[in-house]
Amino acid sequence: HLRNLPVEEFEGYLAEAVKEEGLVAAASPEFLKHAAEMVQQKCDLVNDGCEIVKDVLDYQLAEASKSEDAQSILGDDFENLAKAIAESFEKGEIPTGESEETEAEFKSWVNKLGKATGRKGKRLFMPVRLAITGNLAGPDIGAQVRSIHLASGTEPAKLVTLEERIKQLTTFVAENKDVLEKAAAGAGQKQGKGVPDELVPQKIFETVARLAPAQQRQVLSLAESLVQQSGGEGGKAPKKQNVAPERILDRSGNVEPVTRLDIRVGRILSCEKHPDADSLYLEQIDVGDAEPRQVISGLANFIPLEEMQGRLVTVLCNLKPVKMRGILSSGMVLCGSNQEHTAVELLEPPEGCEPGEHLLLDSYGVMRPAEEDVVLKSKSQQKVWGMVAPDMKLNNDGEATYNGKLFTTSQGKLTCKTLNDCSIG
């Protein structure tokens, strides 16, 4: 009900609640309007909005860093990223919330930071979120920065300014080197663990493909050195991989439709109800690109909202972007479904997969299309999924297949929670 209210009406409820909770003494209309727009679609109760506003104005980096989810972020050279953020702030590069365009300006700054530090996707957005907001979840980071600025004139009960956050971030890094080293050691132990021998070459290919060219050359140089040291043998020869050539043709001489699809592992960073459709979810998904991918899925009647948060999913990434109830969707989350369409479950990659990893299809290779199929937007290209979909199925063991051939990842096969012997779409 709250999510469907006009934002002006919801704003009135929120204004009353934040004052009753003592979060602000004299909330300005500009702050209340912004806060209402920021939290409305995340609220079941008005008090949910108060909790979100409270978390946005506070800064709990030290507490958040103790969580298990934070360890991989802290272990991924968080110290140097924090230093880069602090230096950028000192240079006046970080938007501080004065502008109405803060959210767009902040995204632009994050992209520049990513290029400067060699990071993208989850490796960029999650540590920036932790460093700036002191949390691993919540509203858009740029929206939070704008809230911090607007709250300065509301006599807040507690407000940690952006300047103070940068100071606390710098202090945290300086005083917790042992914590960062322990997290880095833990992250290092996890690298490559559990990858079957026959999938190691494919995992190497997927990982190196996400590096910058200069980093790829370093890896190549090291690999060539190891080959020379081993006399060219490299120990036991790995099993032959089903790696696809540039183009695979069917018996008629046409490009195999399934090889034209871009299917990747994704991680849902946030999920909320579509503002204009009760049956739809609006998701931000890390698929290894510079920015999260916005995808709309008709899953609200099948999967509870809280079960969508943070999930590993399988995403078809090169469908033509389309608007669904006025909001652009740039992909499709793949799911298993029974014949009656009364049971729908996410097609899940195994834990340990990295967002952006392309699926491997037995006998066909990596689900990475040629350049002309990066987006399937022409009339003929838009028919590709329709040709492939009838043969996308879960087998009797609940494993994802195409024409009986298994899809796999660096960590193994893809399955649904309970479904088997049914379609994928």
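**Exercise 1.** Work out whether Asp77 is buried, partly exposed or exposed.

*Solution.* Start with the cut-offs: buried means under 20% relative accessible area, exposed over 50%, and partly exposed in between (1.4 Å probe, protein chains only). Asp77 has a relative accessible area of 41%, so Asp77 is partly exposed. Next, find its place: Asp77 sits in the loop between helix H5 (68-74) and H6. Helices here are DSSP runs (H or I, at least four residues), and strands are too (E, at least two), numbered from the N terminus. Finally, check the backbone: phi of Asp77 is near 55°, a positive value in a residue other than glycine.

A word on the model: it's predicted, so local features need pLDDT of at least 70 and side-chain atom pairs pLDDT 80 or more, while totals for chains, interfaces and linings use all residues. Residues are numbered from 1 along each chain as its sequence is written, and side-chain values use heavy atoms, leaving out hydrogens and water.

**Exercise 2.** Describe how H6 packs against H10.

*Solution.* Take the angle and distance: H6 (residues 78-90) and H10 (residues 162-175) pack at about 150°, with axes 10 Å apart. Those axes are lines fitted to C-alpha atoms over the stretch in contact, with angles from 0 to 180 degrees between N-to-C directions. That makes H6 roughly antiparallel to H10 (under 35 degrees is roughly parallel, over 145 roughly antiparallel, 65 to 115 roughly perpendicular, the rest oblique).
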